[in-house]
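Dear colleague,

Please find below the structure that I am handing over to you. My findings follow it, and I would be grateful if you would read them with the coordinates open.

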Amino acid sequence: MKKSIICISCPLGCNLTVEYKNKVITSIVGNACSKGPKYARKEIFSPERVVTFTVKITGAKTPLLPVKTDCAISKEKMFDVIKEIFKIQVKAPVKRGSIICKNICKSGANLVATRTME
Amino acid sequence: MIKNVDAIVIGGGPAGLAAALSLKNNKIKKVLITERENSLGGILLQCIHNGFGLHRFKEELTGPEYAERYIEVLKNTNVEVLLNTCAIDIISIGTGKKIYLMSKSNGLIEVNAKAVILAMGCRERNRGNIAIPGSRPAGVMTAGLAQKLVNHYGYMPGKEIIILGSGDIGLIMARRMTWEGAKVKAVVELQPYPGGLNRNIVQCLDDYNIPLYLSHTITNIYGNERIRAVDVAPINEFREPLKENSFNITCDALLLSVGLIPENELSLNAGISLDKVTGGPLVDSNLMTNIAGIFACGNVLHVHDLVDWVSEEAENCGKSVSAYIKDTAVQKKGIPVKTENLVKYALPATLEQGKPGLISLRTIAPAENTTIIVVAGNSVLYKKTYKKIFPSEMQRIKIDKVPENTDVIHVFFE
């Protein structure tokens, strides 16, 4: 299999051409640095993204508290996680970095607050 | 109410926060920040996505996290902060400045300051700025406004969305709308290349199969009370829409991500000269405007793509202001910086003889294997070849020492 992907590790945005066979990469062309192959392997076999969102909060200046997954999660699980986030409601005060939901949807990531709300 | 301070910082966003902290670190006693919103942090607070702070903190933070890192440090200083307070006028009296502020709780506040730092940021270009034909229905708004509505208040601008402009804000909003359950039907871009970073094209559009129409524009808006559709047309090399090839897309919201303009009404009233290209004040290497004692940094000076460089610029500004207040600034003759060949702008407008310099610049169009050259007379101050260069990426060039005997500094691509 041959696939063209853009490396998103840095703003350079190299166009990588990746060839692979049975979950093994056979060649990568177009990367400017060593981050390219690492990114390509992940992106082709198990792509991951960080989800940043808001949850409802009561007793704060604004009705929404910004949150994020504390590490990248599998792209496939993204919309399950989002569905779960919609159900969450918290009360102020909340400290930045505090865990809002542990191992959300068994994604391996915790949902954490990204803003302190008093 | 009358207040006497050493320096006033107008705006409590990333530029204002870093400038105020820099003033404290440089031993300025009385510093006041005035902010028109109800909390410090500025636009960072509505930028809940990550990608901030890679240079500054060597990690990827969200906007609120980046802002709070500064706000927390500021809380441990004696910097005074006035929230919900709008600056309405700056007047020079002798070497001092009088600044008028207005707020609901305090009424009119008169501030006497030795120096002013302008850190008001920028605002979005809107439908009026780009003159899209058609009716005037609800549902047409700037991408940043939509971002504020969704991320601060939980209001959705629509369910079927079209985005005009592929700058980073537009791309981030395409993903945000998709995550919130809306369908983003198209991102339309006038230029033949995307306005935002490649990584945002991948993680905001490609991930969700959102079509990007390059070299296209919106030629009509339909709808009486609410927007119901737009016409999208390809453009030719003269940027004329080819109406015979246009197509119609139904929608209930149109988000505009068509550029930012430094917010300088206050500066203009104060008599500050602006640069026609950046839209921000013309400044010297100390980031001082044509009015002694008034300085500028951040997006009010020129629109940045990375907040990390806003913070750095604001810190430098704070340093210059403290030298100005302590009267230790030995100003040598400013050498004008001239731009040529593909350079959209270079900032500052002048550099100081015998001192190091930092030039921020942008290219007019994307280029590959191009060399940025800075020369003064016969000496080459900087020369570096870039593999790829985009208008969306600001370049920062450090000059070790500006020569003593030179009349002009040239910045160009080759």
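How many bridges join S9(A) to strand S10 (residues 111-113) of chain A, and in which sense do these strands run? The number of bridges is two, and S9(A) and S10(A) run antiparallel. Within this pairing, A:Cys101 stands opposite A:Leu111 in S10(A). Please bear in mind throughout that this is a predicted model.

Confidence

The predictor assigns the complex an ipTM of 0.91 and a pTM of 0.94. For chain B, the average pLDDT is 94, and 99% of the residues score at least 70.

Chain A

The assignment divides chain A into domain 1 (2-45) and domain 2 (52-113). Between the C-alpha centres of domain 1 and domain 2 of chain A there are 31 Å.

One of the facing pairs places A:Glu19 opposite A:Ser27 in S3(A). S2(A) and S3(A) make a hairpin in which two residues lie between the strands. In its turn, A:Asn22 has a positive phi of about 45°.

The pairing of S9(A) with S10(A) belongs to an open sheet of five strands, whose order is S8-S5-S6-S10-S9 (chain A). The pairing in this sheet is mixed. Strand S8 (89-91) and strand S9 (99-101) of chain A are the edge strands, each with a single partner strand, so one side of each has no neighbour in the sheet. On average, and with direction ignored, neighbouring strands of this sheet are turned by 45° against each other.

Two backbone features of chain A deserve a look. The peptide bond that joins A:Ala92 and A:Pro93 is cis, with omega about 0°. A:Pro93 is located in the loop between S8 and S9 of chain A. A:Cys105, which is not a glycine, has a positive phi of about 55°; A:Cys105 sits in the loop between S9 and S10 of chain A. As background, most residues other than glycine have a negative phi, and most peptide bonds are trans.

Chain B

Chain B is assigned three domains: domain 1 (1-124 + 259-331), domain 2 (126-258) and domain 3 (332-414). Taken over C-alpha atoms, the centres of domain 2 and domain 3 of chain B are separated by 35 Å.

Helix H1 (residues 14-25) of chain B packs against helix H8 (residues 307-325) of chain B at an angle of about 40°, and their axes are 7 Å apart. The crossing of H1(B) and H8(B) is right-handed. From H1(B), the residues in this contact are B:Pro14, B:Ala15, B:Ala18, B:Ala19, B:Ser22 and B:Leu23. They meet residues of H8(B) including B:Val307, B:Val310, B:Ala314, B:Cys317, B:Gly318 and B:Val321. By class, the contact of H1(B) with H8(B) comprises 10 nonpolar, four polar and two charged residues.

H1(B) also packs with H2(B), here at an angle of about 35° and with the axes 10 Å apart. This crossing of H1(B) and H2(B) is left-handed. On the H1(B) side, the contact is made by B:Pro14, B:Leu17, B:Ala18, B:Ala20 and B:Leu21. On the H2(B) side, the residues are B:Ala67, B:Tyr70, B:Ile71, B:Val73 and B:Leu74. The contact of H1(B) with H2(B) has 10 nonpolar residues, with no polar and no charged ones.

Chain B has a cis peptide bond from B:Leu347 to B:Pro348, with omega near 5°. B:Pro348 lies in the loop between strand S21 (343-347) and strand S22 (350-352) of chain B.

The interface

Between the chains, 21 residues of chain B are in contact with 21 residues of chain A. On the chain B side, the elements that give two or more residues are helix H2 (63-75), helix H4 (143-153) and helix H6 (198-205). The largest share comes from H6(B), with four residues. By class, the residues on the side of chain B that touches chain A are six nonpolar, 10 polar and five charged.

With kind regards

Methods
Residues are numbered from 1 along each chain as its sequence is written. Chains are lettered from A and ligands numbered from 1 in the order in which they are written. This is a predicted model: local features need pLDDT of at least 70, side-chain atom pairs count only at pLDDT 80 or more; totals for chains, interfaces and linings use all residues. Axes are lines fitted to C-alpha atoms, for helices over the stretch in contact, and angles run from 0 to 180 degrees between N-to-C directions. A crossing is left-handed if the near helix is turned anticlockwise from the far one by less than a right angle, and right-handed if clockwise. Two residues are in contact if their C-beta atoms, placed from the backbone, lie within 7 Å. Ala, Val, Leu, Ile, Met, Phe, Trp, Tyr, Cys and Pro count as nonpolar, Asp, Glu, Lys and Arg as charged, and the others, Gly among them, as polar. Two strands pair if DSSP finds at least two bridges between them. Domain bounds come from an automatic or database domain assignment. pLDDT is the predictor's confidence in each residue, from 0 to 100.
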